[in-house]
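The structure comes before the entries.

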Amino acid sequence: MYNDPIVIDLSYLYSITSGDKEFEKILLSGTLDEVDKKVCGLKESWSTTDAKGVRNHAHSLITLSAIAGMPQVEQWSRKIDNAFADDKFHPEFIIFANNIFFGWPDAFTELKIILAAS
């Protein structure tokens, strides 16, 4: 069940780009593509109960979601990453995975709008 919409907060991105708008666009654009790939990979790994794949994708999403201004995704990914460190599948973490799976399309759209406006 999907519970929490993803809130966008780009303050971390702005802090690492020091106001360089062109760098912000480049970094955010590349990050969005990578987040999209990792969310798809996480979904695929989850559906096949591939614990190592789940952990790898969740681990990657920690940093990527910080850059993309999605602190909730960063937290949910960290929880999944930590739980799957034992290389066992933990279906009880589906709530966090579903929040990522179902929240990402709206967050992606919102971030694309922000990117186009910058």
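Why are Trp104 and Phe108 separated by about one helical turn? I found that they are four residues apart in helix α5 (residues 94-117), so about one turn lies between them. Helices here are DSSP runs of H or I, at least four residues, numbered from the N terminus.

I noted the source: this is a predicted model, where local features need pLDDT of at least 70, side-chain atom pairs count only at pLDDT 80 or more, and totals for chains, interfaces and linings use all residues. Residues are numbered from 1 along each chain as its sequence is written, and side-chain values use heavy atoms, without hydrogens and water.

Next I looked up the rings of Trp104 and Phe108. Their centres are 5.1 Å apart and their planes are at 55 degrees, so the pair is tilted. Rings of Phe, Tyr and Trp (its six-membered ring) pair if their centres lie within 6.5 Å; planes under 30 degrees apart are stacked, over 60 edge-to-face, and the rest tilted. Trp104 is buried at 5% relative accessible area, whereas Phe108 is partly exposed at 23%. Buried means under 20%, exposed over 50%, and partly exposed in between (1.4 Å probe, protein chains only).

I then checked Phe93 and Phe96, another tilted pair, with 5.8 Å between centres and 40 degrees between planes. Both are buried. Trp46, Phe84 and Phe89 are linked into a cluster by ring pairs.

Last, I turned to helix α2 (residues 21-47) and helix α3 (residues 51-67), which pack at about 155 degrees with axes 9 Å apart. Axes are lines fitted to C-alpha atoms over the stretch in contact, and angles run from 0 to 180 degrees between N-to-C directions.

How values were computed:
Helices (H or I, at least four residues) and strands (E, at least two) are DSSP runs, numbered from the N terminus.
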